[in-house]
Amino acid sequence: MSFDIIKGMATTLRNMGKKPTTVSYPEQERELPARFRGLHVLHRYDNGLERCVGCYLCAGACPADAIYYIEAEENTEENRVSPGERYAKVFDVNLLRCIFCGYCEAACPTGAITLEHQYKLASYFPEDMVYHKEQLLEPEGQATIGTSAVWFEPPPSEAAQPIPQETQMFDGSQASAAAVGLGNIPNEEPVLLTNEEQDEDRRKLQRGKNREKV
Ligand code: SF4
Ligand code: SF4
């Protein structure tokens with residue numbers, strides 16, 4: 001008997017009493033780690049408003065160009081979808097490109113997108129692998145923060161995120177957390193646009209326009 005056979009038999013004997021590491025899928029499924037990253041979910045606030053404010057930061061952070069189409073639309077008083085200035089009217093993720101790295105989740109300023117535990121994503125048709133907002137959005141009345149709960153320490157109670165305001169709009173001259181849907185947190189001081197260079201450019205433009213009028 002060669003030494004290799006003895007080695008092989010020893011390995012078999014060593015593992016004979018151990019529990020199998022395989023499971024009989026699909027009848028049995030593995031328990032996933034809390035931070036497992038599967039299909040994306042778009043979250044809502046408790047009051048039903050969507051967290052996504054259509055800022056494109058997730059698309060910018062994506063290393064695989066998987067979030068390849070977001071169309072942002074202005075909120076109006078008649079049609080308020082998110083607490084920010086805008087909301088994502090269209091949000092498409094191409095799961096054939098996605099590498100489930102979670103960068104989109106980390107880049108999102110409002111906790112709108114997380115990667116959850118759905119991993120059964122096979123399809124016969126490549127076009128089915130492009131998931132649309134309607135497939136990713138949480139149903140109304142079932143708002144969660146998803147796996148953010150295990151990624152981040154809970155904030156202290158005095159810093160807990162309030163239900164976002166719905167009326168105060170971002171006016172373009174004051175930086176406000178409400179602009180990105182972080183709630184009605186008053187600023188200590190208004191942050192005004194004081195970029196001298198931009199102001200000078202604007203003055204030049206105005207002078208040009210005035211000359212045209214004359
Ligand atoms: S998980 Fe990574 S690859 Fe997939 S959409 Fe998000 S950032 Fe892109
Ligand atoms: S980063 Fe967040 S809020 Fe901005 S578009 Fe992506 S999901 Fe929406």
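## Nonpolar core

The largest nonpolar core of this predicted model has 18 residues, and Leu42, Cys52, Cys58, Ile67, Cys104 and Ile113 touch the most other members. A nonpolar core here is a set of buried Ala, Val, Leu, Ile, Met, Phe, Trp, Tyr and Cys residues joined through C-beta atoms within 7 Å. Buried stands for 20 or more other C-beta atoms within 10 Å of the residue's own, exposed for 12 or fewer, and partly exposed for values in between, with C-beta atoms placed from the backbone. Two or more residues of this core come from each of β1 and β3, and β3 gives the largest share, 4 residues.

Apart from neighbours within four places in sequence, Leu42 is in contact with Glu50, Cys52, Phe91, Ala112, Ile113, Lys133, Leu136, Leu137 and Glu138. Contact requires C-beta atoms, placed from the backbone, within 7 Å.

## Chain and numbering

The chain has 6 helices and 5 strands, in the order α-β-α-β-β-α-β-β-α-α-α from the N terminus. These are DSSP runs numbered from the N terminus: helices are H or I with at least four residues, strands E with at least two. Of the 214 residues, 21% count as buried. Among contacts with a separation of 6 or more, 68% are between residues 24 or more positions apart.

Residues are numbered from 1 along each chain as its sequence is written, while chains are lettered from A and ligands numbered from 1 in the order in which they are written. In this predicted model, local features need pLDDT of at least 70 and side-chain atom pairs count only at pLDDT 80 or more, whereas totals for chains, interfaces and linings use all residues.

## Sheet

An open sheet of 3 strands has the order β2-β3-β5 with antiparallel pairing; strands pair if DSSP finds at least two bridges between them. β2 (69-74) and β5 (130-131) are at the edges with a single partner strand each, so one side of each has no neighbour in the sheet. Strand β3 (residues 86-94) is joined to β5 by 2 bridges, and Val93 stands opposite Tyr131 in β5.

## Ligand shells

Around ligand 1 there are 14 residues, of which Cys62, Cys98, Cys101, Tyr103 and Cys104 come nearest. A residue is near a molecule if its C-beta atom, placed from the backbone, lies within 6 Å of it. This shell has 13 nonpolar, 1 polar and no charged residues.

Ligand 2 also has 14 residues around it, with Cys52, Cys55, Leu57, Cys58 and Cys108 coming nearest. The shell of ligand 2 comprises 12 nonpolar, 2 polar and no charged residues. Nonpolar covers Ala, Val, Leu, Ile, Met, Phe, Trp, Tyr, Cys and Pro, charged covers Asp, Glu, Lys and Arg, and polar the others, Gly among them.

Methods. Contact = placed C-beta atoms within 7 Å.
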